[in-house]
Amino acid sequence: MSKPRKEARQLGPVELEIITGTIRSAELEIEAAVERTSRSPMIRDQHDYRVALFDARGRKLTGRSYSALVEPVFEYFGEDDIHPGDVFFWNDPYNSSGGIGHIPDLCSTLPIFHEGRLIGFSQVFGHHDDVGGSVPGSLPVHAEDMWTEGLVIPPIKLYERGKVNEAAFRIVERNSRLSEHLRGDLDAEIGAAMLGSRRVVALAERYGADTLEAAFDAMIENCAEAIRRELLPRIADGVYAWEDYVENDGVDAPRLHAMRVTMTKTADRILLDFTGTDREAKGPINWAIDYSDGKFVRKWMGPVLRSLASSPERAAEIDMNEGVLDVIDVKFPEKGTLVTPNFGKATGMRFFILLRSLGIFAALLSKATGGQMPADHETIRIWGLHGGASNRDFFLFREVLGGGGPGRPWADGSDVVHIVPNSRNLPAEFSETRYPVMVEKLGLARDSGGAGFRRGGFGYDKRIRTLQSCRLLSNADRALVNTYGVNGGRPGSTYSIAVEDGGGELRDIAGMADNIEVPEGATVRIRTTGGGGWGDPLLREPDLVAYDVECGLVSEDSAAEEYGVVLNMAGTRPEVDEAATDTRRMELRAKRGALPMFDRGPYVEAARAAGRLDWPEGWQDPDAGWWAETAAEAAE
C-alpha cells in the first residue's frame, strides 16, 4: 500500500530560509563525502572538484561554487529518457553545453525523483589525475587537438535505472595511467551525488514537491533582485571595452592572444560582447563557451559583481545562483576564436583564458565605477614531477598552486589564494611520504604582491628537491604578463619556475613545459604570481609598510622605491623616518606624473611601445585615456 501524499505546506519566509539553508548544507555534505572517499591527491587532498544541486529545469540553486550544466542531459536524452537510478556522465568540451572546459574534468549527474516526479539534479565533477593523452596528467602543452589530451566521452549513461555500465567503466579506467585512482574517484563522486539526492528528497517529503519548487523559484529570483536593487545602480550606464591576454599557446612562439569584451550597461542589464577576441590558437588555450546561450560563462563571471556590495559582509550574503542569467547577457563572435573554437581544438589550458574573463569583467567595472573594483590576480597554475620505469612504480606528483589575491579598495589582497573553493597545496608530510621528493621550503614570495594603497597578496615561494631522476611539467600563464594593478596600483609579480642542479647551476623553465628532464638531487624552485595593487602606493600608511618589511614580505628597497617609505633598520625592528619619507614621496610624485587606471607591467608596455599590440576594426587601445583618481579621492 502506497503512503498517502502529504499536504503541501505553504511557502513562507521561515520555510524559504530553512529550505535555502538545507540546500547549502547539502552541498557541504556532498563536498565532505567527496573528500572522505576519493582516492587521488588532486581531488581528495587539493579539492579540485565541484558539486551542485539543481532544480528540475536544470537551474543551479546556490552560488557556492561554479559547476557544469544539466543541459547535456536534456539535449542528449530528453525528458522521456531520464529515470530514477540513472547516472549521466561526460567530459567532452564540445558536447557539454559549455559546462566542461577541458578533458580531465569528468562529470557525473544524477536526476532526483520524489514519488515518480523529477524534482532536481545532483552533480559532482572533478579534475582527475590522468585520463590518458600524450603526457601524464592529461594536459599536454603542445597539443593541437583534443584527442591528444585524453579520452573524450560524450554524454552517456554510466548507470541506467540503477544498473552499472561496467563496460564503459572499464574503458574509462583502461585509458588512465592511474586507473585505480580514477575508478575510486568516480565511485566517490557518484556516491556523494547520491547523498545530495537524498537530502533533496527529504525536503520534498517534509514540505511537498510543489512547495519545494516554489522555494527554488524564490531563491533564484532573490539573487536577480539583489543584483538589480543593490549592485547595478553602482555601475554607470554606458559602453566600456577592455582586453587581456594569454601569453603563450604552447605551440607557436610566445605572443599575446587577446580576449576582448565590450560591456554595455543599462539600467537593468549588462551585455558582455566577446566580439573582437583573437582567432583560435593552435595550442590548448581555447575555451568552448558559446553553447546554451553562454549559461556557463554568465554564471562564472556573475560573482565578480559582488565586489560592488556595500560591505564584504553583504557581498557574502548575495548568493550568485542561476538568477544572474536574468541580469547578464552575452554575445559571441562567429566560430573560430579563442572563445568559439572549432570542434576538436585543444582546450587543456583553458583555465588561462577562463581567469582572464574575470579580470576583464573586473576592469570593465573599474572603468564604470571610478576604479572601485579589485585589481587582478591569477590563481591557477599546475606544476609537477613524474617518473618511474614502468606502470608498477609510475608516480605523478602534481600540485595546483595558488597566487596572491588582488588589492581591493577595502583591504590588501589575500596571500596564496586558490580560485578553486577550499583548494590547497599538498602538505609537505604527504608529499615526502608518497613521492621521491623533499620539500625544502614553503613560504610567501617576497615583493610578489603589487604595491598599492592596498597592496596585492603574495604568491608562493616553494622549493622541492628530487630524490630520483624524473620529468617536470609546468602548466602556467602569467610568466611574462603581470597581474594588473588598478587605480594607480602597481602590477603583481609573474610566475617563475627553475631547476637548480647539484652544482648550483640554475636553469629557467618556461611557464608552458612538458617532460623536462630533472636529475636526482636537483631542486625545483617555484614562485607563483602576486596580486595586483589597488590605489596609489605613496598613500599607503608608512607603519603598514614597515610592518611588511619586518615580516619579510616587502624588502627595504621596495619600501623605498615603490612606497617611498624610508626606514631606520638599526634597531630590533624597522622604524619609519618620517621626515625622509615625506621628502622621498615628494620626489617620487614629481617624477612619475599622472597614474594610469591600469598598470599591466613591463611586458605589455614593451609590446605597446614596439607596436606589437594590434587591434581589430572598431577597437583601439582600451587603456588609453583612463587615469586613476586623484590622490585625495583615492585616499577617501
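Mentor: Start with one pair. Asp130 and Arg177 form a salt bridge, and their closest N and O atoms are 2.9 Å apart. Asp130 sits in the loop between strand S4 (117-127) and strand S5 (156-160). Arg177 sits in the loop between helix H4 (166-174) and H5, so the pair ties together parts that are 47 residues apart in sequence. Keep in mind that this is a predicted model. Over the whole structure, the search finds 60 salt bridges.

Now the domains. The assignment gives domain 1 as 13-226 and domain 2 as 374-535. Their centres, taken over C-alpha atoms, are 29 Å apart. Domain 1 puts 25 residues into the contact, and domain 2 puts in 24 residues. The size of an interface is often given as the accessible area lost when the parts come together. Between domain 1 and domain 2, the buried area is about 2000 Å². Carbon and sulfur atoms give 56% of that area. Three residues of domain 1 lose the most area to domain 2: Gln46, Pro136 and Val141. Together they account for 31% of what the domain 1 side buries.

Next, the charged and polar links. The rule finds one salt bridge across the interface of domain 1 and domain 2. Separately, take Asp129. Asp129 forms a salt bridge with Arg398, with the closest N and O atoms 4.0 Å apart. Seven residue pairs are in polar contact between domain 1 and domain 2, counting pairs with both residues at pLDDT 80 or more.

Which elements give two or more residues to the side of domain 1 that touches domain 2? They are helix H2 (41-45) and strand S1 (49-55). H2 gives the largest share of that side, four residues. By class, the side of domain 1 that touches domain 2 has nine nonpolar, eight polar and eight charged residues.

Helix H5 (residues 179-207) packs against helix H6 (residues 209-231) at an angle of about 115°. The axes of H5 and H6 are 7 Å apart. From H5, the residues that meet H6 are Val200, Leu203, Ala204 and Tyr207. From H6, they are Ala209, Thr211 and Leu212. The contact of H5 with H6 divides into six nonpolar residues, one polar and no charged.

Finish with two aspartates in one loop. Asp278 lies in the loop between S9 and H7. Asp290 also has its place in the loop between strand S9 (270-273) and helix H7 (295-301).

The side chains of Asp278 and Arg260 are joined by a polar contact of 2.9 Å. Leaving out residues up to four places away in sequence, Asp278 touches Leu256, His257, Ala258, Arg260, Thr337 and Leu338.

Now Asp290. With residues up to four places away in sequence left out, Asp290 touches Phe332, Lys335, Val339 and Thr340. The side chain of Asp290 makes a polar contact with the side chain of Lys335, at 3.2 Å. Asp290 and Tyr94 are 196 residues apart in sequence, and 9.6 Å apart in space, C-alpha to C-alpha.

Definitions and conventions. Residues numbered from 1 in each chain as written. Predicted model: local features only at pLDDT ≥ 70, side-chain atom pairs only at ≥ 80, totals over all residues. Heavy atoms only, no water. Domains from an automatic or database assignment. Contact = heavy atoms within 4.5 Å. Buried area = accessible area lost by both parts, 1.4 Å probe. Salt bridge = Lys/Arg side-chain N within 4 Å of Asp/Glu carboxyl O. Polar contact = N/O pair within 3.5 Å; in protein donor to acceptor, adjacent residues only side chain to side chain. Nonpolar A, V, L, I, M, F, W, Y, C, P; charged D, E, K, R; others polar. Axes fitted to C-alpha atoms, helices over the stretch in contact; angles between N-to-C directions.
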